[in-house]
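The sequence and structure come first, and the account follows.

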Amino acid sequence: QYERRSVLQYQVISRLVGHSPLADTRPGPRPDSDDIYLQLPRRFSTKVRELAERVVRIRENPSDYGRARRIHDFLSDPKTFHYSLELEPRPEEEDPVEHFLLSGRKGNCEYFASAMVLMLRCVGVRARLVNGFKGGEWNPYGGHITFRQRDAHSWAEVYVPSVGWETFDPSPGAETSSVRGTSGLMQRVR
């Protein structure tokens, strides 16, 4: 007997209304000063702001890229923060990212990327959270790349005035986490 298995396939096409596809990658003026990339939650701890300012060493007045690099390095240090898919319980009234930064110090990629975005916004750097897929496997028979749930990932993007949007992945080990054996996507990108 032959058993037929069904495979879920989908194609994603998106279009942002009123948005130029090149607008996010070209160097040029900053986005509007009152834009969403500097917004913080209404109830936001001053402790997170103070931590961000200490990490960035704001008095040294580093560039936006320099601030992003310092926060990235702080979060990606495995001596300070730990990557885990098993999250510890936290007080219900405490903000999850605040708990991660100030006491838990253990989380998944969403926590690392969200923490980076919020810390950067605290020090006046425009940043955004990106959710997507990292990795994947090339299927030479079908001529396509297969993404699985294990390839889901979150990272941060930072607006650098002379460059545009730059990608930063503060999850510890992020530079090598997407390479699984002979990952076809990685082979095709190199």
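D169 is buried, with a relative accessible area of 13%, where buried means under 20% relative accessible area, exposed over 50%, and partly exposed in between, for a 1.4 Å probe and protein chains only. K134 is partly exposed at 21%. The side chains of D169 and K134 meet in a salt bridge at 3.2 Å, N to O, the term requiring a side-chain nitrogen of Lys or Arg within 4 Å of a carboxyl oxygen of Asp or Glu. D169 lies in the loop between β7 (164–168) and α5 (174–177), and K134 in the loop between β3 (127–133) and β4 (137–139), so the pair ties together parts that are 35 residues apart in sequence; helices (H or I, at least four residues) and strands (E, at least two) are DSSP runs, numbered from the N terminus.

## Basis of the values

The model is predicted, so that local features need pLDDT of at least 70 and side-chain atom pairs count only at pLDDT 80 or more, while totals for chains, interfaces and linings use all residues. Residues are numbered from 1 along each chain as its sequence is written, and side-chain values use heavy atoms, with hydrogens and water left out.

E60 forms one with R57, their closest N and O atoms being 3.2 Å apart, and another with R70 at 2.9 Å. E60 sits in the loop between α1 (46–56) and α2 (64–75), whereas R70 belongs to helix α2, 10 residues apart. Shared partners join R57, E60 and R70 into one network. E60 is partly exposed at 48% relative accessibility, and R57 is partly exposed at 41%.

## Cysteines

Zero disulfides are found in the whole structure, a disulfide being a pair of cysteine sulfur atoms within 2.5 Å. C109 is buried at 8% relative accessible area, and C122 is buried at 7%.
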